[in-house]
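Reader: I am new to this structure. Please take one part of it, the surroundings of the ligand, and go through that part closely.

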Amino acid sequence: MRLRRKPEAKQMLMEHPLVFTPTDETKGEMRGKWRSLFPHPEHPLYVELGTGKGQFLAKASGLRPDINWIGVERIEEPLLQAVRKGEATQNANLRYIWADVEGLTELFAPGEVDRIYLHFSDPWPKKRHTKRRLTHRRFLDLYKQVLAPTGDLILKTDSVSLFDFSLEEFREQGWEVIELSRDLHHSPYAGNNITTEYEDKFSSRGMPIHYVRVAPHQTQPAGTEN
Ligand SMILES: C[S@@+](CC[C@H](N)C(=O)[O-])C[C@H]1O[C@@H](n2cnc3c(N)ncnc32)[C@H](O)[C@@H]1O
């Protein structure tokens, strides 16, 4: 069913047990405590930013029960579809946050997140919209704050321009490239890949999927240099 009526989606999300909807009063409530929601709080926490309709999380939470999964999405209609998919799995290692990535550091404590996924983020091709791209350095700064010292970030996109822009931002901000492919589905990283809705759409049209795994440069504590 396609849900067209925003007020209805809003109400459902606000009442849904799998969804956290931060308000000015509650936005910091779960900060540093996300893992306590899950049956296995000792498991790593992986967060997908811009979850859309949620295919990735529904699949990933089943294939990787050793991970606690959270999806962040700001638009209510796709999020509600994602939540319904997640609910149908009955996987207990899955939650959603209805929020904008802009508020990430109010939602998560420093070092709380082990991996961030950016899947087919809006490319914002116009130059005047550069700052809205989720790999702009102002977002990288937020990601660096919430990622654990061993944490990393995975970006997948069909957009060559967003990919090139992102690589440049990672480089200039001192992030380390660990894995990279401009044709993920025909690369050594294809085996572990879990596809998203957008990924299926673009790859069915023969478009290559661009993939990179990066980690923020960690400054060594004083006195530990070799
Ligand atoms: C192009 S869709 C991709 C959806 C999904 N990740 C996929 O690969 O199928 C991008 C999604 O990111 C969400 N998004 C974009 N900017 C966001 C932000 N600042 N905070 C939260 N969600 C955002 C959009 O609402 C949209 O649902």
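Author: Helices (H or I, at least four residues) and strands (E, at least two) are DSSP runs, numbered from the N terminus. This is a predicted model, in which local features need pLDDT of at least 70 and side-chain atom pairs count only at pLDDT 80 or more, while totals for chains, interfaces and linings use all residues. Residues are numbered from 1 along each chain as its sequence is written, and side-chain values use heavy atoms, with hydrogens and water left out.

The ligand sits in the largest pocket (more than half of its atoms lie within 2 Å of the grid points). A pocket is an open set of points on a 1 Å grid over the protein atoms alone, where a 1.4 Å probe fits and protein lies on both sides within 12 Å along at least five of seven lines; lining residues have an atom within 4 Å of a point. This pocket has a volume of about 670 Å³ (the space filled by probe spheres set on the points).

The lining of the largest pocket is made up of 30 residues, and Gly50, Gly52, Glu73, Phe120 and Asp122 lie nearest the centre. At least two lining residues come from each of β2 (45-49), α2 (55-63), β3 (68-73), α5 (137-146) and α7 (197-204). With three residues, α7 gives the most. By class, 12 of the lining residues are nonpolar, seven are polar and 11 are charged (Asp, Glu, Lys and Arg count as charged, Ala, Val, Leu, Ile, Met, Phe, Trp, Tyr, Cys and Pro as nonpolar, and the others, Gly among them, as polar).

Around the ligand itself there are 16 residues, with Gly50, Glu73, Val101, His119 and Thr196 the closest (a heavy atom within 4 Å). This shell divides into six nonpolar, five polar and five charged residues.

Next come the polar contacts (pairs of N or O atoms within 3.5 Å). Asp100 places a polar side-chain atom 2.9 Å from a nitrogen atom of the ligand. At Thr196, a polar side-chain atom is 2.7 Å from an oxygen atom of the ligand. Glu197 takes part through its backbone, with a polar atom 3.4 Å from an oxygen atom of the ligand. On its own the ligand has 590 Å² of accessible area, of which the protein covers 92% (Shrake-Rupley method, 1.4 Å probe).

Notes
Polar contact = N/O pair within 3.5 Å; in protein donor to acceptor, adjacent residues only side chain to side chain.
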